Amino acid sequence: MAPRSADASRKTGETDISVSIHVDGSGKSDIATGVGFFDHMLDQLSRHSLIDMTVRTTGDLHIDDHHTVEDTGIALGQALTRALGERRGIMRYASIDLAMDETLTRAAIDVSGRPFLVWNVSFSSPKIGTFDTELVREFFQALAQNAGITLHVTNHYGANNHHIAETCFKAVARALRAALERDPRQPDAVPSTKGSLKG
């Protein structure tokens with residue numbers, strides 16, 4: 001089977017990004033975005049999806065973290081859709097409820113070629129350290145849009161904002177891992193009655 005790997009780059013007046021991913025990896029990551037909390041979250045995304053990731057982002061952090069986070073999501077999504085190609089042989093659907101201490105979050109995914117995000121997550125503070133909590137949604141919006149996935153994320157409950165954010169990343173990672181697994185019963189088929197998962 002062909003390796004499911006791809007690179008993506010993005011350079012604008014706001015960011016300069018290079019991304020390399022290997023879908024059938026072991027969860028190794030080499031992340032440097034200049035935003036410590038975001039690096040931690042991307043490490044979790046890689047580790048729990050088993051997608052190897054190398055990410056290098058230089059952004060206009062003197063303004064804020066927004067462009068860095070959003071554009072990294074764009075580049076990762078572009079790399080993922082390139083790596084998956086026609087999306088043959090994937091399980092396509094997955095969902096998981098993920099617990100972390102007092103927090104429980106669900107992620108459900110359809111690797112459909114049709115981008116859509118449903119986001120039912122609230123934070124009790126605008127910041128986790130210096131990181132804007134609203135950027136968690138911005139990242140997943142960019143990822144879903146550019147990876148061509150339908151993604152639903154719901155935080156059932158939680159008190160600690162760090163835990164809420166982290167369960168979002170871990171739940172999405174685990175759902176991605178399951179949805180992107182190769183289906184041994186139809187390893188060469190596109191899992192759609194339309195015969196295409198390109199939107």
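Does Arg87 count as buried or exposed, and at what relative accessibility? In this predicted model, Arg87 has a relative accessibility of 2% and therefore counts as buried. Arg87 is placed in the loop between helix 2 (66-84) and strand 5 (93-100), and its phi angle is near 65°, a positive value in a residue other than glycine. A positive phi value, near 50°, is also found at Asp101, again a residue other than glycine. Asp101 belongs to the loop between strand 5 and strand 6 (103-110), and with a relative accessibility of 67% Asp101 counts as exposed.

A search of the whole structure for aromatic pairs returned six. In one of them, Phe139 and Phe169 are stacked, with 5.4 Å from centre to centre and 25° between the planes. Because Phe139 lies in helix 3 (residues 134-147) and Phe169 in helix 4 (residues 161-180), this pair ties together parts that are 30 residues apart in sequence. Both Phe139 and Phe169 are buried.

Phe169 also forms an aromatic pair with Phe140, and here the arrangement is tilted, with 4.7 Å from centre to centre and an angle of 50° between the planes. This pair likewise links distant parts of the chain, since Phe140 is in helix 3 and Phe169 in helix 4, 29 residues apart. Phe140, like Phe169, is buried. Phe139, Phe140 and Phe169 are included, together with Phe38 and Trp119, in one aromatic cluster.

Note on methods
Residues are numbered from 1 along each chain as its sequence is written. This is a predicted model: local features need pLDDT of at least 70, side-chain atom pairs count only at pLDDT 80 or more; totals for chains, interfaces and linings use all residues. Side-chain values use heavy atoms; hydrogens and water are left out. Rings of Phe, Tyr and Trp (its six-membered ring) pair if their centres lie within 6.5 Å; planes under 30 degrees apart count as stacked, over 60 as edge-to-face and the rest as tilted. Helices (H or I, at least four residues) and strands (E, at least two) are DSSP runs, numbered from the N terminus. Buried means under 20% relative accessible area, exposed over 50%, partly exposed in between (1.4 Å probe, protein chains only).
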